[in-house]
Every structure is written in structure tokens, then in C-alpha cells.
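This report concerns strand pairing and charged side-chain contacts. Please consult the sequence and the structure shown below while reading.

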Amino acid sequence: MGLKMASSLFEEYGWDVYDLGSNLPLDYAEYSLKKWQPEVVCISVSIRHHLPKLKETMERLQNISPGTTFIVGSRLHAESAFRSCCTAETLIAKDTSFLFQWLEDYRKEAGIINKGVLL
């Protein structure tokens with residue numbers, strides 16, 4: 001699932017979206033996470049040779065903000081190499097229906113949405 005689609009879904013549900021674009025340097029992602037302190041961070045990866053970078057990204061960002069929900073979208077989600085790049089706490093968005101359902105469940109549990117998402 002692409003970040004543009006995820007961004008639109010989060011906005012539709014009333015979230016403040018901080019869209020950082022593609023090919024974001026990890027240092028800037030860390031800076032943005034500290035600055036905005038979002039409730040959720042969404043990451044998308046679509047190229048297999050980027051998987052080692054995904055693992056490094058997930059480790060560094062989750063160490064900075066352990067209470068943040070991390071959602072990773074990828075067409076590679078069924079591959080074992082992909083799974084090894086994510087922690088057990090990482091949510092895997094296989095498609096838009098997963099994210100839609102997650103947002104619905106979140107809204108039901110939280111009631112009012114006053115949160116941010118970093119994409």
C-alpha cells in the first residue's frame with residue numbers, strides 16, 4: 001500500500017498527517033519523530049533490496065519512540081525476508097482494507113481522534 005493512499009485514509013478519519021515524502025533520510029525521520037511525536041508512524045517499502053534498510057529504520061525509530069504504533073505497508077509482506085525486518089509489535093498493512101479496519105477499530109476505542117501520523 002502506498003503512503004499517499006494511507007495519508008488520504010488517515011485524513012479522512014480526522015488525523016493530523018505529517019507527510020514526509022519518499023526516500024527520506026533516516027536522520028530526518030528520527031528528527032521528525034522527536035519533533036512531532038506522532039501516535040502512528042507508517043512506512044512503505046516496495047523494493048526487495050531496501051529490506052536491510054527497513055530493518056535498520058525500524059530498530060532506530062522504535063528505540064526513539066517505543067510507545068508509537070508502527071505500520072509497514074509492502075507488496076513484499078508475505079516474504080520471510082520482509083518479516084525478519086519487523087518486530088513483533090510492527091503492524092503489517094497488507095492492503096487498504098487492513099488500514100481501513102485498523103482506523104475503524106481505533107476510532108471505536110479512542111472516540112475522538114486528536115492524534116498525528118507520520119508518513
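Strand 2 (residues 40-44) and strand 3 (residues 69-73) pair in the parallel sense over 5 bridges; two strands count as paired if DSSP finds at least two bridges between them. The model is a predicted one, in which local features need pLDDT of at least 70 and side-chain atom pairs count only at pLDDT 80 or more, whereas totals for chains, interfaces and linings use all residues. Residues are numbered from 1 along each chain as its sequence is written, and side-chain values use heavy atoms, with hydrogens and water left out.

**Strands and crossover**

Within this pairing, Val40 has Thr69 of strand 3 as its bridge partner. Helices (H or I, at least four residues) and strands (E, at least two) are DSSP runs, numbered from the N terminus. Together with helix 3 (residues 51-64), strand 2 and strand 3 make a right-handed β-α-β unit. Right-handed here means that, with the strands pointing away from the viewer, the path from the first strand over the helix to the second runs clockwise.

Why is strand 2 described as largely enclosed by the rest of the structure? The reason is that 4 of its 5 residues are buried. Buried denotes under 20% relative accessible area, exposed over 50%, and partly exposed in between (1.4 Å probe, protein chains only).

**Salt bridges**

Side chains of opposite charge can pair when their charged atoms come close. A salt bridge is defined as a side-chain nitrogen of Lys or Arg within 4 Å of a carboxyl oxygen of Asp or Glu, and by this rule the count comes to 6. The table gives some of them.

| Pair | Closest N and O atoms |
|---|---|
| Glu56 and Lys53 | 3.6 Å |
| Arg60 and Glu56 | 3.1 Å |
| Arg107 and Glu104 | 2.8 Å |

In helix 3, Glu56 and Lys53 lie 3 residues apart, about one turn of the helix. Arg60 and Glu56 both belong to helix 3 as well, at a separation of 4 residues, again about one turn. Glu56 is partly exposed, at 31% relative accessible area; Lys53 is partly exposed at 42%, and Arg60 is partly exposed at 28%.

Helix 5 (residues 96-110) holds both Arg107 and Glu104, 3 residues apart, about one turn of the helix. Arg107 counts as partly exposed at 37% relative accessibility, whereas Glu104 counts as buried at 16%. Through shared partners, salt bridges join Asp27, Glu30, Lys53, Glu56 and Arg60 into one network.
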